[in-house]
Amino acid sequence: QVQLVESGGGLVQAGGSLRLSCAASGRTASTSAMGWFRQVPGKERELVAAISWGGYSSYYADSVKGRFTISRDNAKNTVYLQMNSLKPEDTAVYYCAADSTYSAIKNSRAAFWGQGTQVTVSS
């Protein structure tokens, strides 16, 4: 099993920045690919960004390109999401996800999920 624990969420004004962290523990060999999703009430969970083990492959939703950056520190089994120029529409619960395959993340079929962290952007 893999446990994912997110941190770094909070309240920020529009235009501000936050950095989310997700620490993996347990069978981290199953966390070759990791990603960040977000969800607002009444809407489907949306893939925000994904990254492969070595960082050679990455994905960003169009809505966050140029503002968000995903990165990982494999020595610490941690993935980060740097969020800059935040907008009110970025308000959501952000979830970390992990899987042994990058395609599983891209297809929202990750095997492991964190509990979520709230990000609220005020206008």
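This is a predicted model: local features need pLDDT of at least 70, side-chain atom pairs count only at pLDDT 80 or more; totals for chains, interfaces and linings use all residues.
**Reading the strands, core and loops**

Tutor: Six bridges join strand S3 to strand S8, and the two run antiparallel; strands here are DSSP runs of E with at least two residues, helices are runs of H or I with at least four, and both are numbered from the N terminus. Two strands count as paired if DSSP finds at least two bridges between them. Residues are numbered from 1 along each chain as its sequence is written, and side-chain values use heavy atoms, with hydrogens and water left out.

Student: In what order do the four strands of the open sheet stand?

Tutor: Strands of a sheet pair through backbone hydrogen bonds, in either a parallel or an antiparallel sense. Here the order is S1-S3-S8-S7, and the pairing is antiparallel. S1 and S7 stand at the edges with a single partner strand each, so one side of each has no neighbour in the sheet. On average, and with direction ignored, neighbouring strands of this sheet are turned by 15 degrees against each other, where axes are lines fitted to C-alpha atoms (for helices over the stretch in contact) and angles run from 0 to 180 degrees between N-to-C directions.

Student: Which members of the largest nonpolar core touch the most other members?

Tutor: A nonpolar core is a set of buried Ala, Val, Leu, Ile, Met, Phe, Trp, Tyr and Cys residues joined through side-chain atoms within 4.5 Å; buried means under 20% relative accessible area, exposed over 50%, and partly exposed in between, with a 1.4 Å probe and protein chains only. The largest core has 28 residues, and Leu4, Trp36, Leu81, Met83 and Tyr94 touch the most other members. Among the elements that give two or more residues to this core are strand S1 (2-7), strand S3 (18-26), strand S8 (78-83) and strand S9 (92-99). Apart from this core lies another one of eight residues, including Phe37, Leu47, Ala50 and Ala97.

Student: What does Met83 touch, leaving aside its neighbours within four places in sequence?

Tutor: Contact means heavy atoms within 4.5 Å, and on that basis Met83 reaches Gly16, Ser17, Leu18, Leu20, Arg67, Phe68, Tyr94 and Val119. Met83 lies in strand S8 and counts as buried, at 0% relative accessibility.

Student: Is Ala98 buried or exposed?

Tutor: Ala98, which has its place in strand S9, is buried, with a relative accessible area of 0%. Once neighbours within four places in sequence are left aside, its contacts include Leu4, Ser30, Met34, Ile105 and Phe112.

Student: Over which rings does Arg45 lie?

Tutor: A charge sits over a ring if NZ of Lys or CZ of Arg is within 6 Å of the ring centre and within 35 degrees of the ring normal. Arg45 lies over the face of Tyr95 at 5.1 Å from the ring centre, and over the face of Trp113 at 4.0 Å from the ring centre.

Student: Which residues other than glycine have a positive phi, such as Ser85 or Ser108?

Tutor: Ser85 has a positive phi of about 50 degrees although it is not a glycine; Ser85 is found in the loop between S8 and S9 and counts as partly exposed at 41% relative accessibility. For Ser108, phi is near 55 degrees, again positive in a residue other than glycine. Ser108 sits in the loop between helix H1 (102-106) and strand S10 (112-113), and at 40% relative accessibility it counts as partly exposed.

Student: Where does Asp90 lie?

Tutor: Asp90 lies in the loop between S8 and S9 and is buried, with a relative accessible area of 1%. Not counting residues up to four places away in sequence, Asp90 touches Arg38, Arg67, Phe68, Ser85, Val119 and Val121.
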